[in-house]
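Thank you for making time this morning.

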Amino acid sequence: MAPPSTRRPGFSRRAQFGLFLGYVIAVGGILFALMLLVVAAVDPAGFSALKGAALDATHPISAGGRSVVRFVDGIGSGIGDYFMAGSENAALKQRLESERRMIVEARAIGLENQRLKALLKLAGEVQNPIAITRIVGSTFDGPRRLATLSAGSASGIANGQPVRSPDGLIGRVIETGRWSARILLVSDGASAVPVRLVRDGTPAIAAGHGDGTIDLKTLELGKNPFRRGDILVTSGTGGVYPPNVPVALVTAVNGDRTVARPLADPAGLDFAIVLPIFQPAATKPLSAATQTSLEGAQQ
Amino acid sequence: MRIAASGRDTAFRGPGRPWVPLLTTLGASLLQALPVVVTTPVVPDFAFLVLLSWRLLRPEMWQAYVALPLGLFNDLVAGHPLGQSMALWTATFLACDLLDSRSGWRDYWLDWLFAALVVALYTIGEWRVAWWMGSRIPFEVVLPQMILGIFCYPVVARLVVSLDRWRLTR
């Protein structure tokens with residue numbers, strides 16, 4: 001294809017000026033966009049009204065189509081189930097047996113737990129969910145891992161609230177519209193969740209790796225305490241996430257690097273439970289009195 | 001179209017469906033609102049590929065600043081930080097203008113080569129912006145998306161060519 005000649009507007013001053021103005025607008029626009037990016041980096045909650053409105057506007061597409069996706073998904077697994085029925089039945093029976101035994105044990109432990117808590121006068125932290133809703137979509141290109149919820153500020157959802165499913169922690173809310181909200185998944189690179197190892201209570205940080213897995217970072221140097229198959233739960237440190245929510249399962253340990261998989265798979269989720277911030281005071285800015293006394297202590 | 005100083009309409013009239021390029025680009029942005037949950041970045045950015053295909057196919061159609069509002073729409077729909085697509089898409093258009101003014105004859109392979117370069121730079125840009133926004137991930141994570149994007153370009157370009165043919169028929 002020959003290069004088009006329309007880029008050179010000839011001797012017309014007006015056409016030349018129009019082209020020049022186009023470039024001025026384009027370059028100015030890039031500078032403006034970079035400024036917007038700086039604003040977004042400094043204040044991630046900026047333009048929340050605009051972004052919330054956009055989120056609401058695309059909500060019908062996401063929410064309406066989700067049932068179609070689930071239906072198509074269901075057909076595939078339904079056919080598979082039909083052929084595997086015999087062997088699956090036997091395996092399930094076996095599993096039921098073993099789990100029944102475990103349930104009895106768990107009940108006994110639960111009772112004992114209750115008794116001990118009563119002895120210590122510890123109130124069980126009751127977590128009433130703010131909303132129970134669906135995950136209706138996610139970003140699918142780009143390095144960020146964000147998902148969309150089908151309920152927003154109209155249901156009481158606000159930025160910063162943790163989101164979980166029955167299986168485990170999903171992430172936290174970062175943007176809210178009126179009827180939809182965007183959440184930062186635990187596998188996003190910007191997510192860091194304080195966790196502890198169920199086996200022995202070793203504290204760690206679960207940082208997203210961006211590709212659906214989680215990197216585990218221990219707080220102390222030395223031997224890597226993780227083993228394949230270890231389960232991590234939130235520790236409650238930091239006050240955002242409530243303690244004892246399952247987060248991840250360790251899938252590989254390579255020297256210092258530990259890779260884990262989130263226990264709640266957002267792709268297969270039906271329901272998401274939005275919880276209140278565990279200790280609201282933890283995310284608030286310091287009061288003026290505390291601030292001055294802290295500054296005084298530093299000097 | 002009127003030829004300068006001729007006083008009458010000659011050659012072809014305005015194209016039959018002038019909104020097709022704009023609407024297909026906006027539609028490709030809206031793909032990101034589809035109810036699909038993906039946990040690994042492997043799906044290429046189709047909005048960008050459609051935009052790039054239109055730009056390489058019809059260099060005279062859009063001036064560089066047209067990418068600004070299109071990028072804003074993409075940012076809002078996809079949940080990118082505001083300004084990411086605005087900056088990257090407009091920079092892409094300026095690079096395309098540079099290519100148009102420097103290159104002579106172009107063919108399919110040269111277009112693909114250029115598209116591959118642009119897609120690679122675009123992915124690096126996205127990764128960099130995510131880095132500034134606090135998402136510190138290694139570049140290998142976005143590599144599959146970049147490679148898939150490069151190989152999806154011919155498919156998208158073929159689609160855009162057929163759309164263009166439909167646009168210009170009456």
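Let me begin with a sheet in chain A, an open one of seven strands, whose order is E1-E13-E4-E5-E6-E3-E2 and whose pairing is antiparallel. At its edges stand strand E1, residues 131–133, and E2 of chain A, and because each of them has a single partner strand, one side of each is left without a neighbour in the sheet. If you look along the sheet, neighbouring strands are turned by 35° against each other on average, with direction ignored. Please keep in mind throughout that this is a predicted model.

Now let me step back to chain A as a whole, which has four helices and 13 strands. Of its 299 residues, 34% are buried. Among the contacts in chain A with a separation of 6 or more, 58% are between residues 24 or more positions apart.

Strand E7, residues 192–197, and strand E8, residues 203–208, both of chain A, run antiparallel and are joined by five bridges. They form a hairpin with five residues between them, and in the turn you can find Gly201(A), with a positive phi of about 80°. E8(A) is in turn joined by five bridges to strand E9 of chain A, residues 214–218, again in an antiparallel arrangement. This second pair is also a hairpin with five residues between its strands, and here Gly210(A) in the turn has a positive phi of about 90°.

For comparison, most residues other than glycine have a negative phi. Asn244(A) is exposed, because it has 12 other C-beta atoms within 10 Å, and a residue counts as exposed at 12 or fewer.

Finally, let us turn to the two chains together, where 51 residues of chain A are in contact with 54 residues of chain B. The elements of chain A that give two or more residues to this side are helix H1 (13–42), helix H2 (48–83), strand E2 (135–138) and strand E3 (146–149). H1(A) provides the largest share, with 12 residues. Sorted by class, this side of chain A has 27 nonpolar, 15 polar and nine charged residues.

What should H1(A) span, given 1.5 Å a residue? Its 30 residues should span 44 Å, and since its end C-alpha atoms are 43 Å apart, the two values agree. The buried residues of H1(A) are Ala26(A), Gly29(A), Ile30(A), Ala33(A), Leu36(A), Leu37(A) and Ala40(A). What covers these buried residues includes three helices of chain B, namely helix H3 (67–78), helix H4 (84–102) and helix H5 (108–132).

Methods: Residues numbered from 1 in each chain as written. Chains lettered and ligands numbered in written order. Predicted model: local features only at pLDDT ≥ 70, side-chain atom pairs only at ≥ 80, totals over all residues. Contact = placed C-beta atoms within 7 Å. Nonpolar A, V, L, I, M, F, W, Y, C, P; charged D, E, K, R; others polar. Expected span 1.5 Å × (residues − 1). Buried ≥ 20, exposed ≤ 12 C-beta atoms within 10 Å, placed from the backbone. Pairing = 2+ DSSP bridges. Axes fitted to C-alpha atoms, helices over the stretch in contact; angles between N-to-C directions.
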